[in-house]
Every structure is written in C-alpha cells, then in structure tokens.
Amino acid sequence: MIKVRFAPSPTGYLHIGGGRTALFNWLYAKKTGGIFVLRIEDTDLARSTKEATEAILSSLRWLGLDWDEGPYFQSERFPVYQEQAQRLLDENKAYYCYCTPAELEERRKEARLAKEDPKYNGHCSRLTRQQIVRYKEEGRPCAIRFKVVAGNTEMKDLIRGGREFDNSLMGDFIILKSDGSPAYNFAVVVDDGEMGITHIIRGDDHISNTPRQILLYQALGFKLPFFAHLPMIWGQDKTRLSKRHGAASVGQYKEEGYLPEALINYLALLGFSTSDSQQLFQAEELIEKFSLERVSNNPAIFDPEKLTWMNGTYIREMEAEKLAQFLMPYLKEEYREKLSGKEKWWLEVVKLYQERLQTLKEINEKVGFFFEEKVTFQEKAIKKVRKIEGVASYLSSANTVLESVEPYDQEHIEKELRDLASKLNVGVGKIFQPIRVAITGSQVSAGLIEILALMDRETVTNRITEAINEISHREHRVHRDNSFPFLIFL
C-alpha cells in the first residue's frame, strides 16, 4: 500500500510552500487509496515550540487535510535513533568523531586555501586506539559520523527523472550529534524506513539531501522509497518566494478572510495542471484528476491577485446562509453585538454584498455604514456630489419623499424616487448618487434601493439631513475662503 508523509518542523507557522507539499501528499494518498502520515520533526529542541506545532495542526485542519496516522513527534523517538546509530557503529558503517568545532573550521580553511572541497577529511576514521582513549580521558564530546562508500549514488525521481551523485564529494557526515540528538538526514531516514513510507513527495530544496539519505537507506537495510521533488515556488519577480513578496502563512490567509477551499484550489495549481488547464476544482475533482505525472519540474509563480480572484469566485458561489456564518468572526465586535435577533436582516445584507466581496475581511469596509451611528463621508465622494448643481435641493426633496413613502419597501421607494427625478426633470443619477453618498459615505455601494429598504426610515432621513448640512457647510466655507477684502492704500 502507498504511504506518504508530511513532516513539518515546528519552528514557525505553516507557510505556503509547506501547505502545497502537505496538499500534494494528501491528494496522492486519496487518489491511490493510500495512507497519509503526519510527523512533526521537532529535533531542534531550542527552536521548536508548542505554539508553532499547534498552529501547523490548526492550519492543516482548516485546510481540510486530515491525516491517517500521527502526529508522530521526533522528539519522542531519540532512543530509536540512538539504537540505529549504534547498529551502524557495530557494523563498521559509522564511527565516533571527536573533532572540535575549532578543529573542523581550521581544516575547512586549509581546504579552501588549497582550493579543495572543504568536506570532512575522515580524520577520526583513522584514529588509533591510544588517541581514542586519550580523547575519552579528556572528556571530549563526540558525534557519530556515517562512512560514505565510494562510487556514485543514483536518484530516481518521479518528477525530474534520474540523476547521479558522486559520493566522493559528500564527505563522511554526522548522523548523531554530540548531545545525542539526531541529524536531520539520519532522523528522516530512520522514521521513513520504520514507518514504511513508500513515496516521499517534498520540495526540490531537499534534492541535495537525497544522495545522503539513499546511502543511509541502503546501510540500514530499508527499502528505498520513490522520490518526487516538487518545483520551487517563485514570486512574480522569478526569485524564490519569501516574506518580501508578501508570502504569508496559511494561518494569515485565514485571518485575511480567504476560504480554505479557495486556498486549496490555488495551491493545487502551483506546479500541477490538468490536460485541459482547468482552474476551478471541488476537492473531489482534485483527487480524481491529480497525478504526479502532471506535476511540472519548472518553478511555479505565486500570483496573489489570482488567489484573490479565485477566493472571490468561491465566495460568490457559496450558499448565502453559509456565507453569513463564515462572515461573523470577521465582523467587528461592536457590529456583531448589534446583530442579536436580526439574523434574517443580516442574511439579506450578506446577499446584497456577496457579489462584491473578494475576501471575508472586506465585510467591515463594505457594510460598516449599516452599523455606525454617523456616516463618514469620503472626501472624493462629497466633492463630486457638491459639483451637482442644486444638489442640496434635490436631497431635501428626496428626504420629503422618503419621510412619507408607504409602505417603506423597495418597490415603493424606487417608484417615488424615480417619480421625483421625473418631476424635477433631471436624470435619476442626480437623485440616486447624492443619496448613496449621504447614506454610505461612498460613491460605490450595492444597489441603493435595496440598501434604503434594509435601513430604517429615521436613519435614512437623518443621514440625508447630515449630508445637506455637510454640503452647505462646505459651500459656505469655500465662499468665505474665496472672499478677499480690498486694501486701499492712501
């Protein structure tokens, strides 16, 4: 049975690259009826934190990437690594290394001066018994190094094809550190071998680790897994995706109001494509159509605008009732408090703005005017309205109409306002747009008539009165500022 794993290090949050790797492993397991294992690689005890671990687990759950086994923690498996390292010592496939950091650095300097590869020169593999006894008496800490065999190591990659590595370029490498903790390459091989991982799907930044790991698989007698190295993710400037590109963690995208379905869809397209270049997928479609053969070996370009477009598409396709619930955590607390007992009204507001949302977090910006006591006028909007000749009079007439319209609903509000425009012999825009600014503070909003019908009459008429006062005040101020006294010099 196929068995894959996702093995993050809990020294930070789950970032986009890690999310993509987890997704591809999950998809491959689901597609093949295999097992998806989650392993937390927390051997770096100084940098690994419980907070980061929980953030990673939370992000995976939010994305819907459930695991079949685990999470396993490497920090709980130190005795296993020490046992396997001892086995390699007993089989003369590894040896103790007593070299100090200062000695190692000095040898690297000498190698660089001699224009040689600064790899480990095997010094401790040639120690005499007397030297070993002396080092032990001195209390020198010691690590364990793996003996690299001569020859070449072949890597077969399901995405990139075959590749050979010259073992002589590696140098004997550490598998167990002097403090008893395992080196990365050793721990992952022991874990993958003992857990029966059949396919290792990971980022191509691990290619350089692969030859060492293959040698360890062979030395430990584990069956060699299949490797599939995913393409690097680049920013739009075609350099490796990083914080300077605005690359965020999965958790941050959640906070910014992205839907898990949209993020999953977008991550799937970072290096993978279908034969017909399909862009939007349900989870079941992704599982059905995913294959490692369709994964590119070229870098994938991360496009934030495309992700946002995709998120907006998912928002528009969501059932309004579900969206209303999804939006609640993103509303300001003071807005949520005003929604008690107004669930039906809130659903109508959501329906009104569903087509205009790109992220869930935008909801406050879009509908805040419904909840605020007083509207905040955008400077650009109020200036444009002031340019309409007679606007204060139009607003005053509209207020009179809205104060008396019965019943106060969409049909009758629209009819009365259109009749007013006809009576005043002006286009409806000269009536509707000033009212829009008066009610929302902005030139852009959802349908004005729908907004008016969702607001109580008193709030509407009060805001129009405030807008008339604001326009009149500004006109008075402009007139005053443009009046200059004449100075007569005698």
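In the predicted model, Arg163 is found in strand β7, which covers residues 161-166. The relative accessible area of Arg163 is 38%, so this residue is classed as partly exposed, a class that lies between the cut-offs of 20% for buried and 50% for exposed residues. When neighbours within four places in sequence are left aside, the contacts of Arg163 are with Thr153, Glu154, Met155 and Ile207.

Packed helix pairs are in general described by the angle between the axes together with the distance between them. On the α3 side the contact is made by Gln84, Arg87 and Leu88, which meet Leu216, Ala219 and Leu220 on the α7 side. By residue type, the residues of this contact divide into four that are nonpolar, one that is polar and one that is charged.

In general, most residues other than glycine have a negative phi, and most peptide bonds are trans. Against this background, Asn92 has a phi near 60 degrees, a positive value in a residue that is not glycine. Asn92 is placed in the loop that runs between α3 and β4, the latter spanning residues 94-97, and counts as exposed because its relative accessibility is 52%. A positive phi, of about 55 degrees, is likewise found at Lys115, which is not a glycine. The location of Lys115 is the loop between α4 (101-113) and α5 (129-138), and with a relative accessibility of 79% Lys115 therefore counts as exposed.

Two cis peptide bonds are also described here. The bond from Gly70 to Pro71 is cis, with an omega near 5 degrees, and Pro71 belongs to strand β3, which comprises residues 69-73. The bond from Glu406 to Pro407 is cis as well, with omega near -15 degrees; Pro407, however, is placed in the loop between α17 (391-404) and α18 (410-424).

At the level of the whole protein chain, the secondary structure consists of 21 helices and 12 strands. The radius of gyration of the chain is 33 Å, whereas a compact globule of 490 residues would have a value near 23 Å. Along the principal axes, the C-alpha trace extends over about 105 × 75 × 40 Å. Of the 490 residues in the chain, 47% are buried. Among contacts with a sequence separation of 6 or more, 75% are accounted for by residues 24 or more positions apart.

Technical notes:
Residues numbered from 1 in each chain as written. Predicted model: local features only at pLDDT ≥ 70, side-chain atom pairs only at ≥ 80, totals over all residues. Heavy atoms only, no water. Contact = heavy atoms within 4.5 Å. Helix = DSSP H or I, 4+ residues; strand = E, 2+ residues; numbered from the N terminus. Nonpolar A, V, L, I, M, F, W, Y, C, P; charged D, E, K, R; others polar. Rg over C-alpha atoms; globule rule 2.2 N^0.38 Å. Buried < 20%, exposed > 50% of the residue type's maximum accessible area, 1.4 Å probe, protein only.
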